[in-house]
Amino acid sequence: MKTAILRRVLSAVVIFTLALSLSVIAYADDGDFRTLDEIKDSGVINIGVFSDKSPFGYVDENGDYQGYDVYFAERIGQDLGVDINYVSTEAANRIEYLQTGKVDIILANFTVTEERAEEVDFALPYMNVALGVVSPEDAVIESLDDIGEDDQVIVISGTTAETYLVKNYPDIKLQKYDAYAEAKTALENGNGAAWANDNTEVIAFAIENPGFTVGIPSLGSADTIAPAVTKGNDTLLDWLNEEIEALGEEEFFHADYEATLLDTYGADYEDTLVVEGGVAAGTDAAAAND
Amino acid sequence: MQSLGLDVLFKGKNFVRLLGGLWVAVRISLISVAISIALGLIMGMLMAGKNRVLKAMFRVYLEIVRIMPQMVLLFVVYFGTTRVFGWNLSPEASAIIVFSFWGVAEMGDLVRGALVSIPRIQYESAEALGLTTAQVYLYVILPQTFRRLVPLSINLITRMIKTTSLVMMIGIVEVLKVAQQIIEANRRTSPNAAFGVFATVFLLYFLICWPISRLAGYLEKRWA
Amino acid sequence: MDFEAMREYLPLFKDALALTVRIGWQGVLLAFLIGIACAIIQHMRLPVLRTVAAVYIELFRNTPLLVQLFFLYFALPKIGLRISAELCGVLGLGLLGGAYMAETIRSGLESIAPIQSESAQSLGMTGMQAFRYVILPQAVSRSVPGLIANVIFLLKETSVFSTVSLMDLMFTAKDLIGMYAKTMECLTLLVVFYLIMLLPVSVLGSLVERRLRHAEFGP
């Protein structure tokens with residue numbers, strides 16, 4: 001009696017495990033990317049966004065993704081007629097996610113650079129950006145030369161700020177973090193002399209956190225932020241470009257700004273930040289400290 | 001309350017989200033432990049055998065598990081397999097593979113130890129009674145090793161739950177990532193949220209793992 | 001594989017190895033000290049301290065290092081306690097490891113029959129002497145396999161240091177992947193460097209273990 005039960009339990013366990021292992025393996029399909037038609041057929045698009053970068057990509061108290069990038073993502077899903085599966089990314093993983101086909105589009109405040117363009121394909125831009133440095137009010141850093149020998153500058157691993165400082169200021173000591181939430185908390189806690197990142201981001205931080213000032217509002221070259229797809233995924237890239245051009249006619253990104261960024265930046269930054277219809281205007285502006 | 005940042009936990013669905021994140025961690029561990037037990041039994045039996053080549057292979061496998069951090073394995077499996085084989089593993093599948101890889105090695109070694117410790121005479125007597133090899137294992141040997149293995153596998157569950165805190169790094173939104181998201185979304189209104197939220201996460205892990213490891217300790221003493 | 005890139009990254013990995021080893025060993029040392037202290041407190045059944053030690057051990061054995069580090073590094077400054085990243089790494093590793101070491105040493109102590117302590121005292125030793133010269137040496141040698149396993153476990157745990165901005169091996173690999181997208185090259189270097197760091201410890205551990213068993217039970 002007892003042994004019969006034991007045998008049944010054992011065989012159940014083995015079958016259960018085999019089934020599990022199989023279902024795990026079944027997750028695996030060939031990597032690369034999914035074309036526009038494949039995405040439409042599956043009914044779901046995977047979009048990589050930040051989940052801890054307010055006000056561009058973050059999760060509100062109800063567990064919903066919000067922010068400037070997400071507002072655009074929602075529209076993409078709507079116009080494609082598919083559901084959106086948001087994938088939470090860290091800065092350093094963004095290229096990896098596209099190259100391994102784990103997401104279809106990266107909409108995680110991704111700055112267009114030459115190095116990155118060799119690895120992924122960028123669509124038309126939807127926002128302007130440069131680098132900026134924020135520091136505590138009582139020890140403002142207004143030039144990178146102000147940074148003392150023992151001071152550390154906080155950066156986030158895998159961002160343009162990191163690459164820029166490593167390349168142009170190899171002597172500045174960097175304190176690197178994985179996630180936005182960690183870097184910001186570290187700055188608040190006084191672990192570093194300043195935080196270098198996209199200027200949009202540091203301006204938002206200074207506005208939201210009394211006691212901090214953006215000493216260097218613009219650094220490096222004026223860049224743009226654009227959606228990115230896996231290299232060679234032309235069907236999706238073309239669709240995105242057409243979409244961005246079409247959205248320009250209805251001033252979509254201005255509406256996006258007003259819905260998501262107005263609270264943080266006020267109306268002053270609207271024309272500086274927003275790129276409408278994929279046409280970046282101010283590329284000649286501010287190539288300050290380069 | 002305000003100054004310690006505990007208030008953000010009661011905003012919207014925040015606390016439920018934290019618990020949801022914890023469930024993700026527990027689910028990954030339970031599935032991995034189930035796989036580890038089943039495959040570990042088979043591996044242990046093979047290891048207790050006499051095949052030298054198999055034994056040498058298992059030694060290498062055990063050594064890899066012993067010295068490679070789980071975090072490294074997670075990265076290798078999640079990003080590496082896509083690069084080399086073109087597999088597109090979901091983060092959760094990668095986590096389960098890595099945790100099972102670790103668990104099977106531990107369980108296999110424990111089963112081997114338990115099997116070897118059973119006196120030869122039991123095998124011989126059972127065979128003398130006319131049982132086949134499969135029957136010997138199923139009716140005589142395995143039931144005896146079970147008692148020793150149950151507390152150890154329960155222990156493995158808690159260690160896996162604790163290790164799941166790493167899967168945040170390959171994009172799984174578990175309790176720690178939810179904690180970061182909450183802190184980030186409330187940075188303006190409650191700047192001290194980091195204290196309350198991380199303290200809560202610390203306690204949540206403790207409340208899950210402590211009873212389980214007590215149970216394992218109790219069974220170990222009772223069945224020893 | 002791009003070997004040129006790998007050669008370029010090599011110095012970075014060497015720095016990371018140095019940092020990992022330095023913080024790792026300081027943490028392990030601290031863990032030993034805390035572990036021995038707690039084990040003695042529990043063995044001697046010192047009032048109050050014994051409860052404190054028990055609570056500490058349970059708390060740190062049942063929570064992940066990553067969460068402990070988050071708490072030490074990001075949460076404590078909110079109530080005015082700021083510690084540097086390196087100290088945080090050492091402290092985190094020491095506190096986590098101390099709880100594990102205490103358990104291992106305690107079970108070593110418990111495995112020594114009480115009659116040994118009684119015999120030693122009947123030979124005229126004080127309780128302290130009996131503990132110091134008779135019980136402790138045996139307990140330590142019996143705990144060695146467990147202690148070595150703990151050391152390896154702790155050195156592996158350094159892989160989560162990236163969250164507190166320490167450039168350990170894991171973070172160096174992740175960071176380079178983020179900047180230059182040479183995934184396979186970085187992952188290969190990562191695995192190789194962990195082997196360099198831990199294989200000797202593992203092999204040495206097995207040797208010591210065999211040696212001790214030899215000393216205790218004869219050939």
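How many Å apart do the C-alpha centres of domain 1 of chain A and domain 2 of chain A lie? The answer is 25 Å. Keep in mind as you click around that this is a predicted model.

**Stop 1: the two domains of chain A**

Domain 1 comes in two stretches, 36-126 and 226-269, while domain 2 covers 129-222. Now look at where the two touch: 18 residues of domain 1 of chain A and 19 residues of domain 2 of chain A take part in the contact. Together these two domains bury about 1,400 Å² between them, and carbon and sulfur atoms give 53% of that area.

Next, pick out Asp52(A), Lys53(A) and Thr264(A). This trio supplies 30% of the area that domain 1 of chain A buries against domain 2 of chain A, more than any other three residues.

You've got a salt bridge here, with the closest N and O atoms 3.8 Å apart. There are two salt bridges between domain 1 of chain A and domain 2 of chain A, and eight residue pairs are in polar contact across that interface.

Want to see which elements do the touching? On the domain 1 side, show strand S2 (52-53), helix H5 (114-119) and helix H11 (262-265) of chain A, which each supply at least two residues. That side of domain 1 of chain A splits into seven nonpolar, five polar and six charged residues.

**Stop 2: where chain B meets chain A**

Go back to Asp52(A), and this time bring in Lys177(B). Their side chains meet in a salt bridge, 3.5 Å from N to O. Zoom out to take in both chains. Here 42 residues of chain B are in contact with 45 residues of chain A. The area buried between chain B and chain A is about 3,700 Å², and 59% of it comes from carbon and sulfur atoms. To see where chain B loses the most area to chain A, select Asn88(B), Glu184(B) and Arg187(B), which together make up 18% of what the chain B side buries.

The count of salt bridges between chain B and chain A is three, and eleven residue pairs are in polar contact. Now colour the helices of chain B that give two or more residues to this side: H1 (14-48), H3 (70-85), H4 (91-116), H6 (133-163) and H7 (175-185). Which of them gives the most? It's H1(B), with eight residues. As for the kinds of residue on the chain B side, 25 are nonpolar, nine are polar and eight are charged.

**Stop 3: Ser165(C), in a loop**

Move over to chain C and select Ser165(C). You'll find this serine in the loop between helix H6 (127-157) and helix H7 (169-180) of chain C. Is Ser165(C) buried or exposed? Ser165(C) counts as buried, because its relative accessibility is 10%, under the 20% cut-off.

Show what Ser165(C) touches, leaving aside its neighbours within four places in sequence. From chain A there are Gln175(A), Lys176(A) and Tyr177(A), and from chain C there are Tyr73(C), Ala85(C) and Phe171(C).

**Stop 4: Ile196(C), in a helix**

Finish with Ile196(C), which is in helix H8 (residues 183-217) of chain C. With a relative accessible area of 47%, Ile196(C) is partly exposed.

Technical notes: Residues numbered from 1 in each chain as written. Chains lettered and ligands numbered in written order. Predicted model: local features only at pLDDT ≥ 70, side-chain atom pairs only at ≥ 80, totals over all residues. Heavy atoms only, no water. Contact = heavy atoms within 4.5 Å. Buried area = accessible area lost by both parts, 1.4 Å probe. Salt bridge = Lys/Arg side-chain N within 4 Å of Asp/Glu carboxyl O. Polar contact = N/O pair within 3.5 Å; in protein donor to acceptor, adjacent residues only side chain to side chain. Helix = DSSP H or I, 4+ residues; strand = E, 2+ residues; numbered from the N terminus. Nonpolar A, V, L, I, M, F, W, Y, C, P; charged D, E, K, R; others polar. Buried < 20%, exposed > 50% of the residue type's maximum accessible area, 1.4 Å probe, protein only. Domains from an automatic or database assignment.
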